[in-house]
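Hi,

Here is the structure I promised to pass on to you. Have a look at it first, and then read my notes below.

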Amino acid sequence: MAERKPVFVDWCPGCGNFGILRAEEMAIRELGINPKSIVIVSGIGCSGKLPHFVNLPISGVHTLHGRSIAYATGIKLSNPSLEVIVNIGDGDGLGIGMGHFVHLGRRNIDITVLIHDNGVYGLTKGQASPTLHRGEKTKSLPKPNIMDAVNPLAVALASGYTFVARGYAYDVIHLKELIKKAIQHKGSALIDILQPCPTYNDINTKEWYDKRVYKLDNTPGWDPVVRREEEAQKKFEQALMKSYEWGDKIPIGIFYQNEFVPTFEDRLTMNIPNYKDFYPAKQPIEINGISTTKIDELIKAKRI
């Protein structure tokens with residue numbers, strides 16, 4: 001792998017993306033994962049530049065709008081030994097990319113998804129994103145937003161994600177710990193990261209969030225981890241109810257964690273016993289210059 005050269009980080013001053021970038025780098029370093037086994041995938045938007053800015057010798061894939069999870073799925077299933085982290089924007093991943101977001105959860109593929117959630121399409125001058133609440137009028141909107149907001153946590157829970165959390169971009173240490181736990185989790189992991197956009201979202205500012213966010217870890221009796229299969233439904237319902245708390249108080253931390261659900265990789269192994277030993281990335285695509293694909297059989301199958 002070629003040595004990475006420093007790239008100027010050109011996000012707007014004060015952007016929450018800086019905190020996410022630092023938390024992600026710190027999490028990877030502290031976990032001690034071999035950088036060559038990490039792939040960071042992104043889509044389009046301000047968050048899409050993150051793979052370029054990571055100061056680690058990792059592989060990065062800057063993909064298409066709303067398609068980063070689809071790319072990440074292909075990467076992970078072709079080489080399950082890789083640690084795959086997806087960075088998506090709330091517009092990128094919960095707008096055009098919502099279908100992929102939902103299906104990653106139901107498959108429970110061992111991928112970590114980080115949503116850079118600022119309520120606006122920051123790269124295209126501040127239009128309302130799917131997470132902007134109805135009635136809010138940010139500086140670029142001619143009139144208040146008339147659509148209801150998507151709740152990323154509730155959608156993730158309903159879709160089958162087995163690790164669901166929320167972080168805050170300006171609390172880098174807390175976010176770093178959440179990212180570490182998400183990466184270590186076996187299954188689909190989602191962290192919705194509240195990320196102020198100082199350029200276009202003049203409602204959900206750092207000052208606005210600082211007055212409202214509180215840590216679930218400090219809530220007496222809060223335990224989001226499923227420790228026995230029979231308590232999964234209760235913990236799920238608890239997480240779903242808590243995910244709708246918004247306004248004067250906004251919780252951050254882990255909402256739900258369940259490792260009793262088999263990953264998609266495990267399910268594949270049930271049908272293909274040697275999958276994890278001879279996954280697609282290990283298989284030759286040609287031998288002595290001759291493709292291993294049996295074209296004649298494919299043509300025959302198409303005719304049938």
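A quick definition to start: a residue is called buried under 20% relative accessible area, exposed over 50%, and partly exposed in between (1.4 Å probe, protein chains only). Please keep in mind that this is a predicted model, where local features need pLDDT of at least 70, side-chain atom pairs count only at pLDDT 80 or more, and totals for chains, interfaces and linings use all residues. Residues are numbered from 1 along each chain as its sequence is written, and side-chain values use heavy atoms, with hydrogens and water left out.

Now for the salt bridges (a side-chain nitrogen of Lys or Arg within 4 Å of a carboxyl oxygen of Asp or Glu). The whole structure has 18 of them.

One joins D10 to K49, with 3.5 Å from N to O. D10 sits in the segment before α1 (17–31) and K49 in the loop between β1 (38–42) and α2 (50–53), so this pair ties together parts 39 residues apart in sequence. Helices (H or I, at least four residues) and strands (E, at least two) are DSSP runs, numbered from the N terminus. K49 is partly exposed at 27%, and D10 is partly exposed at 44%.

Another salt bridge pairs E30 with K176 at 3.1 Å, N to O. E30 belongs to helix α1 and K176 to helix α7 (residues 172–184), 146 residues apart. Here K176 is buried, at 6% relative accessibility, whereas E30 is partly exposed at 44%.

Finally, D223, R227, R228, E230, E231 and K235 form a network of salt bridges.

Best wishes
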